[in-house]
Amino acid sequence: MNYQEYFRDQLRQLQDEGNYRVFAELERHCGAFPTAHNHAENGPEKVTVWCSNDYLGMGQHPKVLAAMHRAIDGCGAGAGGTRNISGTTHEHVLLEHELADLHGKEAALLFTSGYVSNWAALGTLASRIPGITVLSDELNHASMIEGIRHSRCAKRVWKHNDLKDLERHLMDLPFNAPKLIASESVYSMDGDIAPIKEICDLADRYGAMTYLDEVHAVGLYGPRGGGIAEREGLMDRLTVIEGTLGKAFGVVGGYIAASKELVDFVRSFASGFIFTTALPPAVAAGAAASVRHLKQSNAERCLHQQRVSEVRGRLDALGIPHTSNPSHIIPVMVGDPVKCRFISDVLMRDYGIYIQPINYPTVPKGTERLRITPSPVHSSEDVTRLVEALGALWTQCQLARKPMAAQ
């Protein structure tokens, strides 16, 4: 077999389908986000980023930066290895206390990313609880799917946010058999929100544990940034809450929060925790500062929602189709992979606007989109430049607009 030719053929096929991913080489500048420099062929060019998951701009917040500087000056750069071998640093312990408090749980456990926290926690629970069945929403993140698959447990996939289908699967299982219902709160591609209360009601009725991925909600919702479950007063009803430090909290890392026994169980058996180098102390310190700040400050969340509403309204005024949802994620629907890639390229080249196209396999074919994530650090002038550019490109690409009656 000619391996290199096979690789080239597969890459050509992706390019022909419009699904080949091209990474923009961006350089963020502290204090200037959402602007950055794109290192293009003709040298660095200034762009405005409209697709970052640093939803609140906390990656440049003075409190976060100061905490990281103090930690790196005091502790050095790295953690020195795994927590089992090299020891748990004080900064890790402080952050886990903050996260447990954020979600009203007894304990929390840090991982190197949100992906790893889902993979390790779900994989450990599902592989080590005898006879368990995991009931997974069909649109759950790849990290959840991989964790469940890795466990080799029995699983049921239920239709997205469909409570009747979830209950149908629960009714098929013996009442006394172990069960775990896994779902997200805010789904990152469509921006819709799970019916968490009703899922908890079914879990109580059928004797199931609940696992909620809040990665796109922590920091953004609830009076202290605890997520949708905090906003709805449901945190005490959830067995496990999983979150990330790499989105609204502005740093990197993932975690779970749960009872002390469950957290200790995962800590003791999860290979994705045991054999992985720990987060650097400076990262943990910065994340703790971000969590503490957002527990006490609602200003970022309020301005964030105002900016989201402003973008939606301006898009509606031009008839640019976007998915209606109750979250901060604005999927602008293109429906064609080649045009989606083209619009993204022209926005960057001609307008200095960076929005990465979302094509298959991240989303189903025919639902290609630009995923816009407004932030408190975008200005009204930024919004005007964005919607005017999209309006011009919609005309250029002969894409359908929403009728006036639907606006």
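Reply: A pocket is an open set of grid points where a 1.4 Å probe fits, with protein on both sides within 12 Å along at least five of seven lines. The model to which we apply this is predicted.

Me: How much space lies in the largest pocket?

Reply: Rolling a probe the size of a water molecule over the atoms shows where empty space is left. In this model, the largest pocket holds about 1100 Å³ of space. Its lining comprises 44 residues, and those nearest the centre are His141, Ser188, Met189, His216 and Thr362.

Me: Which elements give two or more residues to the lining of the largest pocket?

Reply: They are α5 (114–128), α6 (142–151), β9 (240–244) and β14 (369–372). The largest share comes from α6, with 5 residues. By class, the lining of this pocket has 18 polar, 14 nonpolar and 12 charged residues.

Me: What is the volume of the second largest pocket, and which residues lie nearest its centre?

Reply: The volume is about 430 Å³. Of the 17 lining residues, Asn38, Ala40, Asp345, Met348 and Arg349 lie nearest the centre. Two or more residues each come from β2 (35–40) and α14 (337–351), and α14 gives the most, with 5. The lining divides into 6 nonpolar, 6 charged and 5 polar residues.

Me: Helix α14 might now be followed to its packing partner. At what angle do α14 and α15 pack?

Reply: Two packed helices are described by the angle between their axes and the distance between the axes. For α14 and α15 (residues 380–396), the angle is about 130° and the axes are 11 Å apart. Angles over 145 degrees count as roughly antiparallel and 65 to 115 as roughly perpendicular; α14 and α15 are therefore oblique to each other. The crossing is right-handed.

Me: Which residues of α14 and α15 meet?

Reply: From α14, Phe342, Ile343, Val346, Leu347 and Tyr351 meet Arg385, Ala389, Leu390, Ala392, Leu393, Trp394 and Gln396 of α15. This contact contains 10 nonpolar residues, 1 polar and 1 charged.

Note on methods. Residues are numbered from 1 along each chain as its sequence is written. This is a predicted model: local features need pLDDT of at least 70, side-chain atom pairs count only at pLDDT 80 or more; totals for chains, interfaces and linings use all residues. Side-chain values use heavy atoms; hydrogens and water are left out. On a 1 Å grid over the protein atoms alone, a cavity is a set of points where a 1.4 Å probe fits but cannot get out, and a pocket is an open set with protein on both sides within 12 Å along at least five of seven lines; lining residues have an atom within 4 Å of a point. Grid points are joined across faces, edges and corners, and a volume is the space filled by probe spheres set on the points. Helices (H or I, at least four residues) and strands (E, at least two) are DSSP runs, numbered from the N terminus. Ala, Val, Leu, Ile, Met, Phe, Trp, Tyr, Cys and Pro count as nonpolar, Asp, Glu, Lys and Arg as charged, and the others, Gly among them, as polar. Axes are lines fitted to C-alpha atoms, for helices over the stretch in contact, and angles run from 0 to 180 degrees between N-to-C directions. Angles under 35 degrees count as roughly parallel, over 145 as roughly antiparallel, 65 to 115 as roughly perpendicular and the rest as oblique. A crossing is left-handed if the near helix is turned anticlockwise from the far one by less than a right angle, and right-handed if clockwise. Contact means heavy atoms within 4.5 Å.
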